[in-house]
Amino acid sequence: SQGEAKRLGLVGWVQNTSRGTVQGQIQGPTARVRELQEWLRKIGSPQSRISQAEFSNEKKIEALEHKDFQILK
């Protein structure tokens with residue numbers, strides 16, 4: 001997802017949780033964010049098994065709050 005996010009020019013972060021889920025924040029143009037959401041729903045990274053993808057707390061922001069896209073450990 002990091003490579004795909006960077007390809008789309010998005011910033012933010014994702015992190016695996018102890019419950020076997022992933023949480024994170026994606027920022028960028030709405031159309032690009034939707035593209036990444038679709039990619040996450042349908043494809044994902046090779047080592048991921050996606051059974052459900054839920055996205056919430058969407059809001060408009062004036063400026064990006066992150067410099068790049070990171071996978072946090």
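The side chains of Arg7 and Glu35 come together in a salt bridge, with N and O 3.7 Å apart. Arg7 belongs to helix α1 and Glu35 to helix α2 (residues 30-42), so this pair ties together parts that lie 28 residues apart in sequence. Keep in mind as we go that you are looking at a predicted model. Arg7 is exposed, at 53% relative accessible area, while Glu35 is partly exposed, at 38%.

Stay with Arg7 for a moment. Its side chain also meets that of Glu4 in a salt bridge, this one at 2.9 Å from N to O. Both residues sit in helix α1 (residues 2-7), and because they are three residues apart there, about one helical turn separates them. Is Glu4 buried or exposed? Glu4 is buried, with a relative accessible area of 17%.

Now move along to another pair in α2. Glu38 forms a salt bridge with Lys42, and their closest N and O atoms are 2.8 Å apart. Four residues, or about one turn of the helix, lie between these two positions in α2. Glu38 is partly exposed at 33%, and Lys42 is exposed at 65%. Elsewhere, shared partners link salt bridges into one network made up of Glu4, Arg7 and Glu35. Over the whole structure, a search finds five salt bridges. As a general point, side chains of opposite charge can pair when their charged atoms come close.

Let us look at α2 itself. This helix has 13 residues and reaches 18 Å from its first C-alpha to its last, close to the 18 Å expected at 1.5 Å a residue. Which residues of α2 are buried? They are Val33, Leu36, Gln37 and Trp39. Seen down the helix axis, the buried residues of α2 fall within an arc of 160°, so they line one face of the helix. Ala31 and Lys42, on the other side of α2, are exposed. The cover over the buried residues of α2 includes α1 and β2 (22-27). After the helix comes Gly44, with a positive phi near 75°.

The largest nonpolar core has eight residues: Ala5, Leu8, Leu10, Val14, Val33, Leu36, Trp39 and Phe69. Helix α2 gives the most to this core, with three residues. In soluble globular proteins, nonpolar side chains tend to be buried together. Ala5 is one of the core residues, and, leaving out residues up to four places away in sequence, Ala5 touches Leu10, Leu36 and Phe69.

Our last stop is a polar residue, Gln27, which is found in strand β2. With a relative accessibility of 5%, Gln27 counts as buried, because the cut-off for burial is under 20%. What does the side chain of Gln27 reach at 2.7 Å? It is the backbone nitrogen of Glu65. The side chain of Gln27 is also joined to that of Gln25 by a polar contact of 3.3 Å.

Terms used
Residues are numbered from 1 along each chain as its sequence is written. This is a predicted model: local features need pLDDT of at least 70, side-chain atom pairs count only at pLDDT 80 or more; totals for chains, interfaces and linings use all residues. Side-chain values use heavy atoms; hydrogens and water are left out. A salt bridge is a side-chain nitrogen of Lys or Arg within 4 Å of a carboxyl oxygen of Asp or Glu. Buried means under 20% relative accessible area, exposed over 50%, partly exposed in between (1.4 Å probe, protein chains only). A nonpolar core is a set of buried Ala, Val, Leu, Ile, Met, Phe, Trp, Tyr and Cys residues joined through side-chain atoms within 4.5 Å. Contact means heavy atoms within 4.5 Å. The expected span of a helix is 1.5 Å times one less than its number of residues. The arc is that of the directions from the helix axis to the C-beta atoms. A polar contact is a pair of N or O atoms within 3.5 Å; within protein, one must be able to donate a hydrogen and the other to accept it, and residues adjacent in sequence count only if both atoms are side-chain atoms.
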